[in-house]
Amino acid sequence: MARIALLSDALINKIAAGEVVERPASVVKELVENSIDAGSRTVRVSLEKGGLGRITISDDGHGMGREDARLCLERHATSKLRQLDDLFTINTKGFRGEALPAIASVSRFTLHTAEPGAEVGTRVVVEGGSEPVVEEAPPRVGTVITVEDLFYNTPARRKFMRRESTELQHAEEAVVRLALAHPDVSFFVEHAGQQLFTSPASPGDARERIAAALGPGVHPHLVPVEERRLGVTVTGHIASPEYTLPNARGIYTFVNRRYIRDRGLNSAIQRAFQEFLAAGRQPVVVLFIDMDPRAVDVNVHPQKLEVRFSDSKGVCDTVNAAIIRALRAAPWLGGKDGPAFEQPRQAAHYAMAVERFLTRAQEATWGAPLPLPGTQDAPGPGSSSGFDASSPGFAPPGPGSAFSPAQPLPPGRSLAFGQALPQLNEAPPPGYFGALRPMGVLGERFQVCEGPGGTLVVLDAHAALERARLMSFQKALEQEKPPVPTLFGATVELPVSVAKALVEGREALARLGLEVEPFGGTTVALKAVPPSLVGADARGLLEALARALPPPGSALDATSLAEALRVLACHAARHAEGQLSDGKLRALLGELDAADFHPSCIHGTVVVLEVPLLELERRALRPPGPKI
């Protein structure tokens, strides 16, 4: 008896479904791609239960006749390939003819379509991969496909699906990717009757589609990109370094209008931005790479999310050069006149260089001259800046000591006159901040003060305000008395995922003193905020809170809300910086003396630099060096 047997068509389709149909988002992607290939100008997506309950895709494409409607549910039946050579010149989204039979094998599938001008349409019904039922139906424009109870007959696959909100987010992202690639097509997405994504066609201005997909806040920061090299054309937009994200979800790369994920391309993009972004931040990029279809293989991944280039290095170099060219010509580097890298660094570049200089100054050997700014202070590839001043119990040794500033003060050793602790961001001496005498402001942010014994102390006003605000927010939360809300009416249009996270986290927001309500579509109404946040940037605050809120169902205590408290403190500090008068500064210094420095803040370093009197006198008495 033979041990090897041919698999049935039903089983083959279910196996194929495991590769092509990973989750509801895969169904949305495949069906919307078919609509685009059919020449649709409007695509509507309707979802229930995150797509697991029902997915309906309707379009106004050219539709199908009765015979094509029946054949499209056969494996490897497609209108997009005819011969082997066609496989090397693919310009359509789909080409394998696997998606529809695979989807129909794991769902209750209905297709309703008609050819243009037909008097009778066609309806095809498939129940979990069974024999299709083909019947006449009323004529219509284009095609409507309904997929219900996805994975109902494959419970092993269904149990691995995530929460409804997670699956919905993936489905929305699938539409966003296609919408970015086709600004000439209108897209509409709804869930349970609520409109989530609405983007009419905008072929004349790609920035409108990018703003609709990624949020209106990105629109004023978009910069065009264009580069042509050896048959490769790169176009699109990047956001200026002023607009960044904490993750790489804002990087969208398309090859011949097909969204792909490629490590080489992502690396080329990040290398181009490395001198312009602070550590931990990622750029927003929407790039379209157009090339000869014969120079790229799109048939290397079941879901067509990866490709193989015949000249991968050439493509990555073109992408890198396109972004660098756009960054060099952008206004934040002083315009197009003259070599870009010979111009003075501004904004984040200048700030990072100053921070590196201050770090080296504080970490210099005790009694040695402060280092002069040099080439090591200039931002370079892969450079990073910043230092952690949160280590407790450290102090500088006295004159003539062999100890370095990174060593703890020996037991029983007391500080000499004029010396002070350079590491004051964990446990400052009692009354330290209240004893400071403000003398002026440096760089519109840093407070220069005179400390005990003539010590020069530089404070980060933002970090100081943030620490004080964090204490007040934490105290209110621990007492189970949220700050008294102040009326602050504002409506904000947000990305779908952000609006949904805020609506789901309304209980947590209420514990923090904010009142948020849905206002239709992706718009939310911010009805109340704590007094210290009145007038703050509502959009920036809500977007940051959406990322910081604990998952639904979490205990709403100081631990789960710690990140959200830090966000509130940072935004409250940012709003108050420009209002820091002399009287408010002295009040702030008093608050710092009563503050707990152990909980972490987003910007935790309050004391940026401290130079004792003895060190200043030593510098004044040092004989001048040779003249240069």
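Which residue in β2 is the bridge partner of Val45? In β2, that partner is Ile57, and the pairing belongs to a predicted model in which local features need pLDDT of at least 70, side-chain atom pairs count only at pLDDT 80 or more, and totals for chains, interfaces and linings use all residues. Residues are numbered from 1 along each chain as its sequence is written, and side-chain values use heavy atoms, with hydrogens and water left out. The secondary structure of the protein chain comes to 17 helices and 22 strands, where helices (H or I, at least four residues) and strands (E, at least two) are DSSP runs numbered from the N terminus. Of the 628 residues of the protein chain, 48% count as buried, buried being under 20% relative accessible area, exposed over 50% and partly exposed in between, with a 1.4 Å probe and protein chains only. Among contacts (heavy atoms within 4.5 Å) between residues at least 6 apart in sequence, 68% join residues at least 24 apart.

**The eight-stranded sheet**

- An open sheet is formed by eight strands in the order β5-β4-β3-β6-β2-β1-β7-β8, with mixed pairing, two strands being paired if DSSP finds at least two bridges between them.
- Because β5 (133-137) and β8 (194-199) each have a single partner strand, they stand at the edges, and one side of each is left without a neighbour in the sheet.
- On average, and with direction ignored, neighbouring strands of this sheet are turned by 10 degrees against each other, the axes being lines fitted to C-alpha atoms (for helices over the stretch in contact) and angles running from 0 to 180 degrees between N-to-C directions.
- Helix α6 (residues 164-181) packs on the sheet, where it touches β1, β7 and β8, and its direction makes about 175 degrees with that of β7.

**Strand pairs within the sheet**

- Strands β1 (residues 42-48) and β7 (residues 186-191) run parallel and are joined by six bridges, and Ser46 stands opposite Glu190 in β7.
- Six bridges also join β1 to β2 (residues 54-59), and these two strands run antiparallel.
- The hairpin of β1 and β2 has five residues between the strands, and in this hairpin Lys49 takes a positive phi near 55 degrees.
- Between β2 and β6 (residues 143-148) the pairing is antiparallel over five bridges, with Arg54 opposite Glu148 in β6.

**Helix α7 and Leu214**

- Asp205 caps the N-terminal end of helix α7, as a side-chain oxygen of Asp205 lies 3.0 Å from the backbone nitrogen of Arg207.
- In α7 (residues 206-214), the buried residues include Arg209, Ile210, Ala211, Ala213 and Leu214, and the helix is followed by Gly215, whose phi is positive, near 110 degrees.
- Leu214 counts as buried because its relative accessibility is 17%.
- Leaving aside residues up to four places away in sequence, Leu214 touches Tyr243, Tyr252, Val284, Val286 and Pro495.
- Leu214 and Arg249 are 35 residues apart in sequence, and their C-alpha atoms are 10.0 Å apart in space.

**Thr244 in its loop**

- Thr244 lies in the loop between β10 (232-239) and β11 (251-255), and it counts as buried because its relative accessibility is 17%.
- The side chains of Thr244 and Arg281 are joined by a polar contact of 2.9 Å, a polar contact being a pair of N or O atoms within 3.5 Å of which, within protein, one must be able to donate a hydrogen and the other to accept it, while residues adjacent in sequence count only if both atoms are side-chain atoms.
- Not counting residues up to four places away in sequence, Thr244 touches Leu277, Arg281 and Gln282.

- Helix α14 (residues 538-548) is mostly covered, with nine of its 11 residues buried, among them Leu541, Leu542, Glu543 and Leu545.
- Asp537 caps the N-terminal end of α14 through a side-chain oxygen that lies 3.4 Å from the backbone nitrogen of Arg539.
- The packing of α14 and α15 (residues 562-576) is at an angle of about 165 degrees, with the axes 8 Å apart.
- That angle makes α14 roughly antiparallel to α15, since angles under 35 degrees count as roughly parallel, over 145 as roughly antiparallel, 65 to 115 as roughly perpendicular and the rest as oblique.
- Where the two helices meet, Gly540, Leu541, Ala544, Leu545 and Ala548 in α14 face Glu563, Ala564, Val567, Leu568 and His571 in α15 as contacts.
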